[in-house]
Amino acid sequence: MNSVETVSYDGYFTLQWHITHRCNLRCSHCYQDDYTAYESADALGNILDQYDELLRKYRFKGYLNITGGEPLTHPALFGILEEAAKRNIKTAVLTNGTLIGRREARLLKSCGVYYVQVSLDGTEKVHDSIRGEGSFRRAVSGIRALRSAGVFTTVSFTAQRENLGELPRLARFCRDIGVNKLWYDRVVIPGAEDISNLSLTTDEFIKLSRRAARLNAKGMVSCARALQFIPCRQKDIYRCTAGDRLLTVLADGSVMACRRLPIVSGNVREKTLIDIYENDPELIRLRSVGIPEECGGCEYASQCTGGAKCISYARFGRYDIHDPDCVFLKNKK
């Protein structure tokens with residue numbers, strides 16, 4: 001095997017698994033162009049076996065994020081969650097929340113999910129303009145069902161031009177309905193020029209991050225993603241682990257380092273996950289990319305390692321350079 005760093009990351013290796021591309025919504029910022037790929041239950045079992053083999057070979061602990069499309073559209077979801085739990089793999093479900101009722105919430109709880117993440121992109125009017133009329137109320141109904149069932153529930157806010165001023169209002173709303181955690185991240189639109197106007201500018205991201213820092217100080221927002229530690233003054237600094245301790249498998253079997261880094265490294269229908277992880281040249285390169293030269297001298301460089309590779313790639317077609325939204329680098333100019 002080519003060299004893979006043995007850094008800790010608490011011993012976890014995360015697989016983000018898109019078990020289906022089918023979805024009941026068509027969000028304006030979605031980077032998916034295929035809504036048909038759909039793995040059978042047998043195929044899903046084979047992929048879980050491959051992931052488990054990789055974990056055992058390297059003595060990693062497993063963290064399985066199951067998403068889509070919309071994962072609740074797949075009838076095998078709960079069986080996969082139960083099987084993963086038997087193998088001592090932590091599971092999370094990333095969903096739009098609109099298909100979760102009391103029954104689904106109880107099933108998710110019984111399957112032992114570590115948490116369920118529901119996407120909310122603002123309060124009702126703005127969220128519905130992004131994800132479709134009525135989607136906010138259905139998602140909130142799903143959140144209430146999850147909380148009633150005792151499921152740890154997080155809300156993900158994808159920051160873009162359309163919802164830039166919504167975070168404080170959404171934070172208050174999430175607090176009021178008992179959401180356990182609200183976090184935000186930048187929209188990434190790689191290679192989609194027709195909707196690239198949704199992406200934030202550096203100044204907009206910095207302004208949003210400072211606003212989030214004030215909410216973070218009140219315990220209303222978690223700043224746990226790339227560069228967010230700067231205004232929030234967090235000690236636990238996010239580091240992009242794409243291709244190292246993070247892989248993504250799509251519903252057609254394609255393997256990527258990260259879903260937001262659109263480089264396909266192989267397919268689990270043709271090669272094993274271990275083979276792809278160990279031998280794909282792009283994954284090897286991702287693991288060997290060092291700290292960007294521009295980050296030299298930064299006190300956070302050894303932990304941050306340059307920010308989010310997907311943002312750099314979306315803006316410049318390269319992931320071996322610094323995150324363009326870094327406030328420190330902007331202040332140097």
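Predicted model: local features only at pLDDT ≥ 70, side-chain atom pairs only at ≥ 80, totals over all residues.

Let me begin with the helices. Two packed helices are described by the angle between their axes and the distance between the axes.

The opening pair is α1, which covers residues 41-58, and α2, which covers residues 77-86. Their axes come within 11 Å of each other and cross at roughly 25 degrees. Angles under 35 degrees count as roughly parallel, and α1 and α2 are therefore roughly parallel to each other. The crossing of these two helices is right-handed. Which residues meet here? From α1 there are Leu44, Gly45 and Leu48, and from α2 there are Ile80, Glu83 and Ala84. By class, this contact between α1 and α2 comprises four nonpolar residues, one polar and one charged.

I turn next to α4, residues 124-131, and α5, residues 135-148. Here the axes come within 8 Å, and the crossing angle is roughly 105 degrees. The range from 65 to 115 degrees counts as roughly perpendicular, so α4 and α5 are described in that way. On the α4 side the contact is made by Glu124, His127, Asp128 and Arg131, and on the α5 side by Ser135, Phe136 and Arg137. How do the residues of the contact of α4 with α5 divide by class? There are four charged residues, two polar and one nonpolar.

The remaining pair is α6, residues 167-176, with α7, residues 202-217. The axes of α6 and α7 come within 10 Å and cross at roughly 30 degrees, which makes α6 roughly parallel to α7. This crossing, too, is right-handed. Leu167, Pro168 and Ala171 of α6 form the contact with Leu208, Arg211, Ala212 and Leu215 of α7. In the contact of α6 with α7, six residues are nonpolar, none is polar and one is charged.

Rolling a probe the size of a water molecule over the atoms shows where empty space is left. How many cavities of 30 Å³ or more are counted in this model? The count comes to one, and the volume of the largest cavity is about 130 Å³. Its lining consists of 16 residues, and those nearest the centre are Cys295, Cys298, Cys304, Cys326 and Phe328. Three helices each supply at least two lining residues: α8 (229-232), α11 (301-304) and α13 (327-332). The largest share, three residues, comes from α13. By class, the lining of the largest cavity divides into eleven nonpolar, three polar and two charged residues.

Finally, the backbone. Most residues other than glycine have a negative phi, and most peptide bonds are trans. Where does this model depart from that pattern? Glycine 68 and glycine 69 are joined by a cis peptide bond, with omega at about 20 degrees. Glycine 69 is placed in the loop between β2 (61-67) and α2. Asparagine 88, although not a glycine, has a positive phi of about 60 degrees. Asparagine 88 is found in the loop between α2 and β3 (90-95).

That concludes my presentation, and I thank you for your attention.

Methods:
Residues numbered from 1 in each chain as written. Heavy atoms only, no water. Axes fitted to C-alpha atoms, helices over the stretch in contact; angles between N-to-C directions. Helix = DSSP H or I, 4+ residues; strand = E, 2+ residues; numbered from the N terminus. Parallel < 35°, antiparallel > 145°, perpendicular 65-115°, else oblique. Contact = heavy atoms within 4.5 Å. Nonpolar A, V, L, I, M, F, W, Y, C, P; charged D, E, K, R; others polar. 1 Å grid on protein atoms, 1.4 Å probe; cavity = no way out; pocket = protein on both sides within 12 Å on 5 of 7 lines; lining within 4 Å. Points joined across faces, edges and corners; volume = space filled by probe spheres on them. Left-handed = near helix turned anticlockwise from the far one by under 90°.
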